[in-house]
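Thanks for coming. I have one model to go through today, starting with how its chain is folded up and ending with an annotated site.

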Amino acid sequence: MRRKLAAGNWKMNGTASSLAEVQALVSLHCAPSVDILICPPATLIAQAAGLCANSPIMIGAQDCHAAASGAHTGDISAPMLADTGAGAVILGHSERRENHNETSDLVAQKAVAAHAAGLIAVVCLGESLAQREGAQTLDVIAEQLAASLPDGTTGANTVIAYEPIWAIGTGLTPSLAQIGEVHDFIRSRLSERFGVQAAEDFRLLYGGSVKPENAAEIFATSNVDGALVGGASLKSEDFSPIIRALE
Ligand code: PEP
């Protein structure tokens, strides 16, 4: 049985004072029936992980380099993230794909690095508005899914997040039928590649304008095992009800 997952992506937001939000979640969710992941900026990972040391809440990162070390000024490797207390890393977020020209091939290389360091890779996929309107969504998802997951991917070391680009930070969400269609499709593609049994182990998250108000209906949708939440993960008063809706 897959354990549901509520994951928060703080993006480039937060300074030391924001750790109060992590502390609040630690207090509010001592024994959750779902997994909780918070991905603050890299500057806060060590302190956030310290706050969560005796809590079931996991701290994650938002990206890693594909190499373990070397001459890559400004980058952070997967072993460094693990060393600083991270248990997971978001890879292939559309903002990385768009702003840093990250390809699915690079995402797969980063996933290899993450797995080698013992990190769970949260691999993001999603179509643009033009692709959605051009009825290309499933083709785009199929291509990104196939190319972003390296061999050795399992439901234990990888989570898939479906995040339509046009729904991120816009307040727009696909219909529940559209979300279900893509999640069912991802599960069927995972079955074809990894086998029916192994495919059942993967957590499939929906991401894009998840809020306390819409979380419950999204979580009731076919093959949705949780959410990757951006803006509404910044404040515990917003993220906590989303976690509760998943429980
Ligand atoms: C995200 O960036 O992963 C995301 C889903 O953002 P938001 O929830 O703000 O749409």
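I call two residues in contact if their C-beta atoms, placed from the backbone, lie within 7 Å. In the protein, 72% of the contacts with a separation of 6 or more are between residues 24 or more positions apart.

Before going on, some housekeeping. This is a predicted model, in which local features need pLDDT of at least 70, side-chain atom pairs count only at pLDDT 80 or more, and totals for chains, interfaces and linings use all residues. Residues are numbered from 1 along each chain as its sequence is written. On confidence, pLDDT is the predictor's own score for each residue, from 0 to 100. The protein averages 98, and 100% of the residues score at least 70.

Now the fold. Helices (H or I, at least four residues) and strands (E, at least two) are DSSP runs numbered from the N terminus. There are 11 helices and 8 strands. The radius of gyration is 17 Å, close to the 18 Å that the globule rule gives for 247 residues, so the protein is as compact as a globular protein of that length. That radius is taken over C-alpha atoms, and the rule is 2.2 Å times the number of residues to the power 0.38.

How do the 8 strands close up? They form a barrel in the order E1-E2-E3-E4-E5-E6-E7-E8, with parallel pairing. Pairing here requires at least two DSSP bridges between two strands. As one example, strand E5 (residues 120-125) runs parallel to strand E6 (residues 158-162), and 5 bridges join them. Within that pair, Val122 stands opposite Val159 in E6.

Last, the site. UniProt, in an unreviewed entry, places the feature "binding site" at Asn9, Trp10, Lys11, Gly169, Ser209, Gly230 and Gly231. These residues span 223 residues in sequence, yet no two of their C-alpha atoms are more than 14.0 Å apart, so they gather at one spot. UniProt positions are given in the numbering used here, feature names are shortened, and annotations may be inferred rather than shown by experiment.

Two of these residues in detail. Ser209 sits in the loop between strand E7 (203-207) and helix H10 (215-219). Is Ser209 buried or exposed? Ser209 is buried, because 22 other C-beta atoms lie within 10 Å; the cut-offs are 20 or more for buried, 12 or fewer for exposed, and partly exposed in between, with C-beta atoms placed from the backbone. Gly231, in the loop between strand E8 (226-229) and helix H11 (236-246), has 19 C-beta neighbours inside 10 Å and so counts as partly exposed.
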